[in-house]
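I opened a new structure today and kept notes as I went. Here is what I looked up, entry by entry.

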Amino acid sequence: IGKSRLAAELITRAKERSERVLYLTGRCVSSDHPISYWPSLDMIRSYFGLRDGDRSEEMQRKISAGIRMLNVPSEAAMNAYIANVLSVQLSPIAAKELEHKSPDQMRLGTLESLRNLFEHIGRRTKLLLVLEDLHWADDLTFDLLTLLLDSLPSSAVFIVCLFRPEAASRTVQLSLIARRKCFDRCTE
């Protein structure tokens, strides 16, 4: 249909209009068992400059430095949750931060940390998030997007969701939520 082509054109035009636009792309993958946060993992790996060959200590250093630059109030917690969701070996301080968390606390803490990360990036620079093939997204990705919609008024975050219009997909629900939460900022 050309969804990816439209996103590429949007990114090109955003770059032409302003050199201060950071764009992060995440792609959902088709799988019988969707991987939690998969498109967000792509985006945060890109933001922190993480490479496949990086050792765990190097990845932890890059994550810590990137979070420190954002000047977030809960730096240690965000560092721990983001390192954990990326499957980076946790430092002793980060491990202690997550030590006695229940699965539900881990889920909520991870969602909150990811939302805060994107929100704080959007306060420092214009942020364009492109999520491709959202019709294959996992439930946690939809939960994160729903949370991010609440952050739009306070930060310069522009979210582009590309998906096939499948009636049984959660994308239909996301569209309804987006229209309800940010009616004046939502275009379908």
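**Entry 1: a covered helix**

I began with helix α4 (residues 75–85), which is mostly covered, with eight of its eleven residues buried. Buried here means under 20% relative accessible area, exposed means over 50%, and partly exposed is in between (1.4 Å probe, protein chains only). Helices (H or I, at least four residues) and strands (E, at least two) are DSSP runs, numbered from the N terminus.

A note on the source: this is a predicted model, where local features need pLDDT of at least 70, side-chain atom pairs count only at pLDDT 80 or more, and totals for chains, interfaces and linings use all residues. Residues are numbered from 1 along each chain as its sequence is written, and side-chain values use heavy atoms, with hydrogens and water left out.

Back to α4: I listed its buried residues as Ala77, Met78, Asn79, Ala80, Tyr81, Ile82, Ala83 and Val85. What do the buried residues of α4 pack against? I found α2 (38–48), α3 (56–70), α5 (92–98) and α6 (103–124), with contact meaning heavy atoms within 4.5 Å. Just after α4, I noted that Ser87 takes a positive phi of about 60°.

**Entry 2: the sheet**

Next I traced an open sheet of three strands, in the order β1-β2-β3 and with parallel pairing. β1 (21–27) and β3 stand at the edges with a single partner strand each, so each has one side left without a neighbour in the sheet. Strands pair if DSSP finds at least two bridges between them. On average, neighbouring strands of this sheet are turned by 15° against each other, direction ignored.

β1 pairs with β2 (residues 126–132) in the parallel sense over seven bridges. I picked out Thr25, whose bridge partner in β2 is Val130. Helix α1 lies across β1, β2 and β3 and runs at about 170° to β2. For such angles, axes are lines fitted to C-alpha atoms, for helices over the stretch in contact, and angles run from 0 to 180 degrees between N-to-C directions.

**Entry 3: salt bridges**

How many salt bridges does the structure hold? I got twelve, each a side-chain nitrogen of Lys or Arg within 4 Å of a carboxyl oxygen of Asp or Glu. In one of them, Glu9 meets Arg5 at 3.0 Å, N to O. Glu9 and Arg5 are four residues apart in helix α1 (residues 3–17), so about one helical turn separates them. An α-helix has 3.6 residues a turn, so residues three or four places apart point the same way. Glu9 is partly exposed at 29% relative accessible area, and Arg5 is exposed at 56%.

I also looked at Arg68 and Glu75, whose closest N and O atoms are 3.7 Å apart in a salt bridge. Glu75 counts as partly exposed at 29% relative accessibility. Salt bridges that share partners join Glu112, Arg115, Glu119 and Arg123 into one network.

**Entry 4: a loop serine**

Ser155 lies in the loop between α7 (139–151) and β3 (157–161). Is Ser155 buried or exposed? It counts as buried, at 12% relative accessibility. Leaving aside neighbours within four places in sequence, Ser155 is in contact with Glu119, Gly122 and Arg123.
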